[in-house]
Amino acid sequence: MVVELAHTMLIYAAIRNTEFVEVLLWHFALLHSCHIWNLVPKLQHFAPFELLSRLMTERNYSDLRHLHTWGCQVYILEYVVAVGKKVPKWLPRARRGVRAPRSAF
């Protein structure tokens, strides 16, 4: 199930952002799908990480609320603009990229 989820995320991202998404991002998609799988309650209304760690506390879905679509298009602000320096009028202030959260390293 986790592999199919990662595969679906990678295909969706490749359709939407053909110039940025490559097969090399496979491990990022797999890590993100594992993260989602472990956070979402399934068996007896418990998430896998709750069953594994035996932490039965009041459920807080803040982790799920902050998840973003894997592979969605993002705009990355240039460092010069982020620091607050002036940029000439016709130079780009941001560049396009792909969101790939949860680094493998």
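Q: In which hand, left or right, does helix 1 pass helix 2?
A: In this predicted model, helix 1 passes helix 2 in a right-handed crossing.

Q: What makes helix 1 oblique to helix 2?
A: Helix 1 (residues 2-16) and helix 2 (residues 26-39) pack at an angle of about 125°, with their axes 8 Å apart. Angles from 65 to 115 degrees count as roughly perpendicular and those over 145 as roughly antiparallel, and the rest, once those under 35 are also set aside, are oblique. The angle of about 125° therefore makes helix 1 oblique to helix 2.

Q: Which residues of helix 1 and helix 2 meet?
A: From helix 1 come Val2, Val3, Leu5, Ala6, His7, Met9 and Leu10. Helix 2 meets them with Trp26, Ala29, Leu30, His32, Ser33, Cys34, Ile36 and Trp37. The residues of this contact divide into 12 nonpolar, 3 polar and no charged.

Q: Why is Val3 called partly exposed?
A: The class of partly exposed residues lies between the limit for buried, under 20% relative accessible area, and that for exposed, over 50%. Val3 has a relative accessibility of 48%, and therefore counts as partly exposed. Val3 is part of helix 1. Residues up to four places away in sequence aside, Val3 touches Trp26 and Leu30. The C-alpha atoms of Val3 and Ala29 are 8.9 Å apart in space, with the two residues 26 residues apart in sequence.

Q: Why is Ile36 called partly exposed?
A: Buried requires a value under 20%. The relative accessible area of Ile36 is 21%, so Ile36 is partly exposed. Ile36 has its place in helix 2, and touches Leu5 and Leu67 when residues up to four places away in sequence are not counted. Between the C-alpha atoms of Ile36 and Leu64 there are 7.9 Å, while 28 residues separate the pair along the chain.

Q: What makes His27 partly exposed?
A: His27 shows 33% relative accessibility and therefore counts as partly exposed, given that this class runs between the limits of 20% and 50%. His27 belongs to helix 2. The separation between the C-alpha atoms of His27 and Leu10 is 10.0 Å, for residues 17 apart along the chain.

Q: Why is Gly97 called buried?
A: The cut-off for buried is under 20% relative accessible area. Gly97 has 6%, and so Gly97 is buried. Gly97 is located in strand 2 (residues 94-98). With neighbours within four places in sequence left aside, Gly97 is in contact with Phe20, Cys72, Gln73, Val74 and Ile76. Gly97 and Gly71 lie 8.9 Å apart in space, C-alpha to C-alpha, and 26 residues apart in sequence.

Q: Which residues form the largest nonpolar core, and what makes such a set a nonpolar core?
A: A nonpolar core is made of buried residues of nonpolar types, joined through side-chain atoms within 4.5 Å. The largest nonpolar core has 9 residues: Ala6, Met9, Leu10, Ala13, Val21, Leu25, Phe28, Ala29 and Trp70. Helix 1 and helix 2 are the elements that give two or more residues to this core. Helix 1 supplies the largest share, 4 residues. In soluble globular proteins, nonpolar side chains tend to be buried together.

Q: Which residues does Val21 touch, not counting residues up to four places away in sequence?
A: Val21 touches Leu10, Ala13, Ala14 and Val98.

Key:
Residues numbered from 1 in each chain as written. Predicted model: local features only at pLDDT ≥ 70, side-chain atom pairs only at ≥ 80, totals over all residues. Heavy atoms only, no water. Axes fitted to C-alpha atoms, helices over the stretch in contact; angles between N-to-C directions. Left-handed = near helix turned anticlockwise from the far one by under 90°. Contact = heavy atoms within 4.5 Å. Nonpolar A, V, L, I, M, F, W, Y, C, P; charged D, E, K, R; others polar. Buried < 20%, exposed > 50% of the residue type's maximum accessible area, 1.4 Å probe, protein only.
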